[in-house]
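Reader: Pick one part of this model and walk me through it up close, please. I'd like the cut-offs spelled out along the way.

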Amino acid sequence: MPFPDRFYPVVDSIAWVKRLAALGVGTVQLRAKDLDDGAALQLVTDALAVVKGTDVKLIINDYWRAAIVAGAQHLHLGQEDLAEADLAEIRSAGLTLGLSTHDDAELETALAAEPDYIALGPIFPTTLKSMRFAPQGIPKISEWKKRVGAIPLVAIGGIKLEQAEEIFAAGADSIAVV
């Protein structure tokens with residue numbers, strides 16, 4: 001699977017993007033929250049400048065307008081942002097699209113949007129952000145992989161390196177770590 005990579009970090013700053021690009025990481029998701037349009041555009045523009053000339057696939061989280069204006073290639077949306085996004089404009093701009101899912105209804109919504117990948121989480125308990133969803137567990141990965149078919153499935157949430165083998169064996173194509 002060329003995109004996203006088997007493992008990829010989710011980070012919240014240009015400093016992290018720069019550090020990971022210098023290390024040769026293949027895919028990095030930039031997820032900064034609560035920015036206004038101007039700050040989001042500046043962040044996306046700066047992040048794209050950092051990865052220019054590298055092999056890093058930079059995924060912009062949530063700020064779809066800024067991603068389009070700045071010329072990003074990859075976008076990830078949560079369910080709330082998906083509800084407000086213009087999918088036709090996103091597709092017209094040529095962005096790949098990943099979508100977060102946490103339950104059956106969100107999976108159906110995601111599948112209807114025809115994404116390039118689907119993220120399932122949290123797999124295990126996580127303290128990084130408040131979650132209204134219970135941990136999904138390893139069996140849910142197998143169930144959802146059957147449902148998404150050829151669409152790459154990304155596992156996220158509370159994952160430790162020693163769990164990777166079991167997660168991949170269950171059907172995940174990729175693991176994202178914050």
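Author: Let's start with Lys145, which is buried at a relative accessible area of 18% (buried means under 20%, exposed over 50% and partly exposed in between, with a 1.4 Å probe and protein chains only). Keep in mind that this is a predicted model: local features need pLDDT of at least 70, side-chain atom pairs count only at pLDDT 80 or more, and totals for chains, interfaces and linings use all residues. Residues are numbered from 1 along each chain as its sequence is written, and side-chain values use heavy atoms, with hydrogens and water left out.

So what does Lys145 pair with? Its side chain meets Asp173 in a salt bridge, 2.7 Å from N to O (the term means a side-chain nitrogen of Lys or Arg within 4 Å of a carboxyl oxygen of Asp or Glu). Lys145 sits in helix α7, while Asp173 is in the loop between α8 (164-170) and β8 (174-177), so this contact ties together parts that are 28 residues apart in sequence. As for those labels, helices (H or I, at least four residues) and strands (E, at least two) are DSSP runs, numbered from the N terminus.

There's a network to look at too: Asp104, Glu108, Glu143 and Arg147 are joined into one by salt bridges that share partners. Take Arg147, which is partly exposed with a relative accessible area of 32%. It forms a salt bridge with Asp104, where the closest N and O atoms are 2.7 Å apart. Asp104 belongs to helix α6 (residues 104-112) and Arg147 to helix α7 (residues 138-148), so the pair ties together parts that are 43 residues apart in sequence. Asp104 itself is partly exposed, at a relative accessible area of 37%.

Arg147 also meets the side chain of Glu108 in a salt bridge, at 2.8 Å from N to O. Again distant parts of the chain get linked, with Glu108 in helix α6, Arg147 in helix α7 and 39 residues separating them. Glu108 is partly exposed as well, with a relative accessible area of 43%.

If you want the overall tally, the structure holds 7 salt bridges, including the Asp104 to Arg147 contact, the one from Glu108 to Arg147 and the one between Asp173 and Lys145.
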